[in-house]
Amino acid sequence: MRIFKNGSGEKIEVTDVPLFSTPIIITKFNDHEKYDIESFEKIVRKPKDWTGSLNTSFPSVKKDDPYISQEKSNEIKNSITEHLQDVFECYNMPTDINLTQFWYNAYYEGQSQELHNHLAPNNLNPFWSGIYFAKNCFPGQLNFSRNEYSLRTQQPYDYRKTAIADYYTDFWEASIPDGYICLFPPHLYHTVSVGKENRDKMRLTFSFNLHIGKGFVPEKDWGG
Ligand SMILES: [Fe+2]
């Protein structure tokens, strides 16, 4: 409870509760230092229906990938899986997990990924989705956003001046540094936008969708 005093000196006790908030989990990847991946050229490689410009290996890293070997990618994927099993144990969540899709995204200045989520068209959704921030990831590039507007207010009411302003926030600018992994629920919309901070520095992330159990096979290439 927070305690205020009104004009007559009477105590006013209040609290507010962030009901139904969205969980994301951020964890330091212990094996990060083992993986120093060399930068490569700026190109555009992406599925046809993605509108942003980036170099993505989505939905996997194939045997003939020109930039990161499948062997290296699998090594990172296995290492992340083991790390996440420890994290899930901390949260008393199932540890029988499988990174069913695992790919990389490389960006330079001016490149981006449009607003999207990781839900599957058939509603067989991942348990969690995630991003490993591998190289040259800077604050404000990744944004999570709200797509549910039940808390929108009718003007004129300047929520920004109130003590409940946070409840009206539509965007959350992530400042998650290299070497960390962020898990988010697959329904959560997000974008990536890369500016001049990456003019000469390639931003590299690995993204994944994660299911419980070993038997799940995604039907098609969704969820970038
Ligand atoms: Fe994504």
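This is a predicted model: local features need pLDDT of at least 70, side-chain atom pairs count only at pLDDT 80 or more; totals for chains, interfaces and linings use all residues.
In what order do the six strands of the open sheet lie? Residues are numbered from 1 along each chain as its sequence is written.

View 1. The order is β3-β10-β7-β12-β5-β4, with antiparallel pairing. At the edges sit β3 (25-28) and β4 (55-56), each pairing on one side only. Strands here are DSSP runs of E with at least two residues, helices are runs of H or I with at least four, and both are numbered from the N terminus; two strands pair if DSSP finds at least two bridges between them.

View 2. β4 runs antiparallel to β5 (residues 97-107), and two bridges join them. Look for T56, whose bridge partner in β5 is N105.

**View 3. Helix α1 on the sheet.** Helix α1 (residues 70-90) packs on the sheet and touches β3, β5, β7 (128-135), β10 (180-184) and β12 (203-212). Contact requires C-beta atoms, placed from the backbone, within 7 Å. The direction of α1 makes about 125° with that of β5; axes are lines fitted to C-alpha atoms, for helices over the stretch in contact, and angles run from 0 to 180 degrees between N-to-C directions.

**View 4. β10 and its two neighbours.** β10 pairs with β3 over four antiparallel bridges, and β7 and β10 also pair in the antiparallel sense over four bridges. Here I181 of β10 is the bridge partner of T27, and Y132 stands opposite I181 as well.

Conventions: Two residues are in contact if their C-beta atoms, placed from the backbone, lie within 7 Å.
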